[in-house]
Amino acid sequence: MLKTRLIPCIITKNELVVQSFGFKKYLPIGNVKTAIDFFVNWDVDEIVVIDIDASKNSRHPNIDLIKKATKECFVPLTIGGGIKTIEHIRDLLKAGTDKVSINSEALINPAFIREASNIFGSQCITVSIDAIHINNEYKVFNYLTQSPLDLDIVTWAKQVESFGAGEILLNSVNRDGSRQGYDTELLRSVSDNVSIPVIALGGIGRFDQLADGAIKGKCQALAAANIFQHMEHSTIAAKAQMRQANLNVRLSSEVKYENFDLDFLGRPY
């Protein structure tokens, strides 16, 4: 049985790590390399870094920054933001990235997904989908225009799979920064209709909310962003909660996952 992956998502605006709230407000946190160094040492399965302003500002991926960040990164790393060409992907992979996350360019030119997966393999290509719940429907949200598209989320997810994406990173605009937990109805609607892995993202405020993404949302991986900032050993606590919910997770032999208490935020003490 495949293990449920735990994936910290590092949201950046250029080189600055931020906490995101509703895709509108952003709280500065620190730099990318420091964030990656932290997570590498605390038992995560993968790391995702997304520069949310790269495409908006017509910036290419920051290859020099990625080279610095990957020197001490010993877990699979996915990079997103500003990826528009095959050369961008090739440069990122040469810099030490394991996978790339495509969002805006996939909406503009869906054939780019197929071209990229044919060249580099579908295992390298993640398509990030931002979903918004509006008028009792889930629509694709365009971050560049800050508006919903007339495109059903399940329809787009199926198209993404047919074009050769290896997995989908599914984020809820409504739950972003809300601390209300995943939108499991959204997650389930997509995971039930595609055969590729779906990564849950958006809304985690307590570590005991993580398991719902796998149990109720049927996702193969659980991602979160804001909750992992400023919380020492936070990823260990997250794995402990996932284990307590009977999820099959990868455990480190050097970490103790039992016999500690959690405070009201699910932090160990």
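Here's a quick briefing on the structure above, from the overall build down to a few single residues.

This is a predicted model, so local features need pLDDT of at least 70 and side-chain atom pairs count only at pLDDT 80 or more, while totals for chains, interfaces and linings use all residues. Residues are numbered from 1 along each chain as its sequence is written, and side-chain values use heavy atoms, with hydrogens and water left out.

**The big picture**

- The protein's secondary structure comes to 9 helices and 12 strands; helices (H or I, at least four residues) and strands (E, at least two) are DSSP runs, numbered from the N terminus.
- Of its 269 residues, 55% count as buried, where buried means under 20% relative accessible area, exposed means over 50% and partly exposed is in between (1.4 Å probe, protein chains only).
- Take the contacts (heavy atoms within 4.5 Å) with a separation of 6 or more: residues 24 or more positions apart account for 65% of them.

**Empty space**

- Rolling a probe the size of a water molecule over the atoms shows where empty space is left.
- Two words matter here, both worked out on a 1 Å grid over the protein atoms alone: a cavity is a set of points where a 1.4 Å probe fits but cannot get out, and a pocket is an open set with protein on both sides within 12 Å along at least five of seven lines. Lining residues have an atom within 4 Å of a point.
- Grid points are joined across faces, edges and corners, and a volume is the space filled by probe spheres set on the points.
- The count comes to 1 cavity of 30 Å³ or more, and the largest cavity has a volume of about 120 Å³.
- That largest cavity has 14 lining residues, with Thr12, Asp51, Asn62, Leu65 and Ile66 nearest its centre.
- Strand E4 (47-51), helix H2 (63-70) and strand E5 (77-80) each supply at least two residues of this lining.
- By class, the cavity lining divides into 7 nonpolar, 6 polar and 1 charged; Ala, Val, Leu, Ile, Met, Phe, Trp, Tyr, Cys and Pro count as nonpolar, Asp, Glu, Lys and Arg as charged, and the others, Gly among them, as polar.
- The second largest pocket holds about 240 Å³ of space. Its lining has 11 residues, and Leu2, Lys3, Thr4, Cys219 and Gln220 are the closest to its centre.
- That pocket's lining has 6 nonpolar, 3 polar and 2 charged residues.

**Helix H3 and its buried face**

- Which residues of helix H3 (residues 86-94) are buried? They are Ile86, His88, Ile89 and Leu92.
- Seen down the axis of H3, these buried residues fall within an arc of 160°, so they line one face of the helix; the arc is that of the directions from the helix axis to the C-beta atoms.
- The buried residues of H3 pack against H2, E5, strand E6 (99-102), helix H5 (111-120) and strand E7 (125-134).
- After H3 comes Gly96, with a positive phi near 115°.

**Salt bridges**

- There are 12 salt bridges, each one a side-chain nitrogen of Lys or Arg within 4 Å of a carboxyl oxygen of Asp or Glu.
- Glu46 pairs up with Lys99, their closest N and O atoms being 3.0 Å apart.
- Glu105 and Lys84 form another, with the closest N and O atoms 3.9 Å apart. Here the partners are 21 residues apart, Glu105 in helix H4 (residues 104-108) and Lys84 in the loop between E5 and H3.
- Glu105 counts as buried at 13% relative accessibility, whereas Lys84 is partly exposed at 29%.
- Arg90 and Glu87 are 3 residues apart in the helix, so about one helical turn separates them.
- Arg90 is partly exposed, with a relative accessible area of 27%, and Glu87 is partly exposed too, at 44%.
- Salt bridges that share partners join Arg5, Glu46, Lys99 and Glu167 into one network.

**A look at Gly80**

- Gly80 lies in strand E5 and is buried, with a relative accessible area of 3%.
- Leaving aside neighbours within four places in sequence, Gly80 is in contact with Val49, Ile50, Asp51 and Ser101.
- The C-alpha atoms of Gly80 and Pro61 are separated by 7.9 Å, with the two residues 19 apart along the chain.
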